[in-house]
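Please read them with the structure open.

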Amino acid sequence: MLVALTREVGPALDRCELTHLRRVTIDPVLAARQHEDYERALAGLGCAVRRLPTGADMPDGVFIEDTAVVLDELAVAARPGAPSRRAETDAVAEALRAYRPVARVEAPGTLDGGDVLRAGRTIFVGLSSRTNREGLEQVRRLAEPLGYAVEAVEVTGCLHLKTAVTLLDDHTVLINPAWLPSGAFAGFTRVAVDPAEPFAANVLRIGEARLHGAEFPRTRARLAGQGFEVHAIDMSELAKAEGGVTCCSLVFPA
Ligand code: CIR
């Protein structure tokens, strides 16, 4: 069974971190409705959805992906690069203890889960404005003894590694090459986003299905042309807080 941990849209979302976007008004009611639709989509794809509460001190709590990395053998509680997000990790680590042993990224390491992309036994870690070399090395020390290879990828111009690249299947990535070094993910078949939709590289795989933001029709058409069907889901209010489809859940086998 797959578990999807989610976290409610909190009361302070309008004070969220923003790095590459300008602040615009977010409708909290619409954001919550879209988030519920997202949870319903996860449930419809076979996930047992478990939603955690979000405190008033957690403007970005809904973006639960950034708070942990869940491997089959171990979960790693992250240490978010934005100090305003550090209060988010304890409750997530506690929830994960029901499923996995939990290790922690410690200071001075910083790591956002959005910078971690697992592809089989390789873990790609984005070095970004949120994740530093020390955070990456801590993941390496935890994961290599479990048989994973850990590879660094420089990320520039966007928030997280998974803003720039995600997996469509085990051998194919959806990528915005502008935000990654040339040659990154060369071992994969690379499908580029439509240039008019730079944020379209974020896709969430659930088994054989894929969730993708409804605001990216050109990239969706491009994917369909290559045989990749996606479920389009409207997350436009959360996108104003710089979130995508991967960042609102932690999905893992129970
Ligand atoms: C932040 O800047 O931390 C949030 N406003 C957005 C986090 C999005 N997370 C993700 O894509 N993994």
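The points below go from the overall fold to single residues.

1. Basis. This is a predicted model: local features need pLDDT of at least 70, side-chain atom pairs count only at pLDDT 80 or more, and totals for chains, interfaces and linings use all residues. Residues are numbered from 1 along each chain as its sequence is written, and side-chain values use heavy atoms, with hydrogens and water left out.

2. Overall build. The protein has six helices and 15 strands. Helices (H or I, at least four residues) and strands (E, at least two) are DSSP runs, numbered from the N terminus. The radius of gyration is 17 Å, close to the 18 Å of the globule rule for 254 residues, so the protein is as compact as a globular protein of that length. That radius is taken over C-alpha atoms, and the rule is 2.2 Å times the number of residues to the power 0.38. The C-alpha atoms fill a box of roughly 45 × 40 × 35 Å along the principal axes.

3. Of the 254 residues, 53% count as buried. Buried means under 20% relative accessible area, exposed over 50%, partly exposed in between (1.4 Å probe, protein chains only). Among contacts with a separation of 6 or more, 68% join residues 24 or more positions apart. A contact means heavy atoms within 4.5 Å.

4. Helix H2. Which residues of H2 (residues 89-96) are buried? They are Thr 89, Val 92, Ala 93, Ala 95 and Leu 96. They cover an arc of only 160° around the axis, which puts them on the same side of H2. The arc is that of the directions from the helix axis to the C-beta atoms. An α-helix has 3.6 residues a turn, so residues three or four places apart point the same way. The cover over the buried residues of H2 includes strands S1 (2-7), S2 (47-52), S3 (68-70), S4 (75-77), S5 (102-104) and S15 (250-253).

5. A cis peptide. The bond from Ala 107 to Pro 108 is cis, with omega near 5°. Pro 108 sits in the loop between S5 and strand S6 (116-119).

6. Positive phi at Phe 185. Phe 185 is not a glycine, yet its phi is positive, about 60°. Its place is the loop between strands S10 (172-175) and S11 (189-192). Phe 185 counts as buried, at 6% relative accessibility.

7. Positive phi at Glu 242. Glu 242 also is not a glycine, and has a positive phi of about 75°. The loop between helix H6 (236-239) and S15 holds Glu 242. At 14% relative accessibility, Glu 242 counts as buried.
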